[in-house]
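These notes are meant to be read beside the sequence and the coordinates.

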Amino acid sequence: MIPTNIARLACTALAAAAAGAAFAQAGYPSKPVRMVVPSSAGGGTDIVARIIAPELSKRLGQQVVIDNRPGAGTMIGIEVAAKSPADGYTLLMGLSTLAINSALYKKVPYDPQRDFAPITQAVSSASIIVVHPSVPVHSVKALIAFARARQGQLNYASAGTGTYPHMTMELFLSMAKLRMVHIPYKGTGPAMIDMVAGQVATMAATILTGMPQIRAGRLRPLGITSAARSPIVPDIPTVAEAGLPGFESVQWYGVLAPARTPKDIITRLHDEVTRVLQQPEIKERLAGDGADLVGSTPEEFTRYIQSELTKWAKVARDAGIQPE
């Protein structure tokens, strides 16, 4: 039997802990919150962050300040966030390279699972497999057959080695058992210029950059890389339904905090970010940039990152990409 005085002490300690947690959430935040964006201003990650941040500032009652930290394939900014205090005052607008980098580099200055507390996957953004009109194919099946008859002869463009467009095409080639020549560019813009000029045969183009060229007849769409058709371009079939069953590749963006951030703060941030995402004007702006709303739970986002790590590691192995 537990002595009465010990029981009282235990109850008092539990009550104090509960009160402390409630106070922590009620008092958070008491100063501005920094959101690290591991890329330059104007890119997709930055756009999503700057759409969310003003409304999140209103909901938190403190300014959410964007801190752009580009470089080293997004690893500089991600490392900054990973090594920040776990107090809720530093957040990361993460993206697909959080998982992809681990498949491409021997030394990554952070552990994508151990160093972060996922809050929510905010949005995902699909790409479109496009070809130059000079390539005589009008479907994913036809492209696979055409390339298979010319193994190693066709080329494809990307925004650079290790980028989401590059890895999307490597996944496509791996699943279709094809070989093509990779032509990396320093960004999507230069890649699109040569794509339109007919210097390269195909690429995975984002909806935002690809649709103007598709509408102008300068590029031909074959399939969208998401698991379901996009309401933005409902007439374009998915790659999976158009000839490569099981194919899916999306660029994702999500909010994370440093590991060991108190759970009550994670819960508060999840609730506020997902409420922001549900606002009609926010949904409209994100859709206009070719993004699909997600708003997952911390547990769902954790599992998704784990699945991404597994997927991109396999893609890198199958493509013969040696970690640098």
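1. Helices (H or I, at least four residues) and strands (E, at least two) are taken here as DSSP runs, numbered from the N terminus. On that basis the protein chain has twelve helices and ten strands. The model is a predicted one, in which local features need pLDDT of at least 70 and side-chain atom pairs count only at pLDDT 80 or more, whereas totals for chains, interfaces and linings use all residues. Residues are numbered from 1 along each chain as its sequence is written, and side-chain values use heavy atoms, with hydrogens and water left out.

2. Along its principal axes the C-alpha trace spans about 85 × 40 × 35 Å. Buried residues (under 20% relative accessible area, with exposed over 50% and partly exposed in between, using a 1.4 Å probe and protein chains only) make up 49% of the 324 residues. If contact is taken as heavy atoms within 4.5 Å, residues 24 or more positions apart account for 78% of the contacts with a separation of 6 or more.

3. A nonpolar core is a set of buried Ala, Val, Leu, Ile, Met, Phe, Trp, Tyr and Cys residues joined through side-chain atoms within 4.5 Å. The largest such core has 47 residues, of which L92, L98, F116, L143, F172, L178 and M180 touch the most other members. Among the elements that each supply at least two residues of this core are α3 (75-82), β4 (116-131), α6 (164-176), β9 (250-258) and α12 (298-318). Apart from it lies another core, of 33 residues, among them Y28, I119, L277 and A291.

4. Which residues does L143 contact, leaving aside its neighbours within four places in sequence? The partners of L143 are I129, V131, V137, L154, F172, M180, T202 and L222.

5. Rings of Phe, Tyr and Trp (its six-membered ring) pair if their centres lie within 6.5 Å, with planes under 30 degrees apart counted as stacked, over 60 as edge-to-face and the rest as tilted. This rule gives five aromatic pairs. One of them joins F172 and F247, whose ring centres are 6.1 Å apart with planes at 80 degrees, so the pair is edge-to-face. Because F172 lies in helix α6 and F247 in the loop between α9 and β9, this pair ties together parts that are 75 residues apart in sequence. F172 counts as buried at 0% relative accessibility, and F247 counts as buried at 2%.

6. Another pair is formed by W252 and F301, whose ring centres are 5.5 Å apart and whose planes stand at 90 degrees, so this pair is also edge-to-face. W252 is buried, with a relative accessible area of 0%, and F301 is buried with a value of 0%. Ring pairs link W252, F301 and Y304 into a cluster.

7. In helix α8 (residues 207-215) the buried residues are I207, G210, M211, Q213 and I214. They pack against β4, α7 (188-196), β7 (202-206) and β8 (220-224). Just after α8, G217 takes a positive phi of about 80 degrees.

8. Y105, in the loop between α4 and β4, is partly exposed, with a relative accessible area of 22%. How far apart are the C-alpha atoms of Y105 and E324, which are 219 residues apart along the chain? They are separated by 4.8 Å. Leaving aside its neighbours within four places in sequence, Y105 is in contact with M75, P323 and E324.

9. Some backbone geometry deserves a careful look. Most residues other than glycine have a negative phi, and most peptide bonds are trans. A cis peptide bond, with omega about -5 degrees, joins Y28 and P29, and P29 is found in the loop between α1 (4-27) and β1 (33-37). K177, in the loop between α6 and β6 (181-184), has a positive phi near 55 degrees and is exposed, with a relative accessible area of 65%. R260, in the loop between β9 and α10 (263-277), has a positive phi near 75 degrees and is exposed, with a relative accessible area of 72%.
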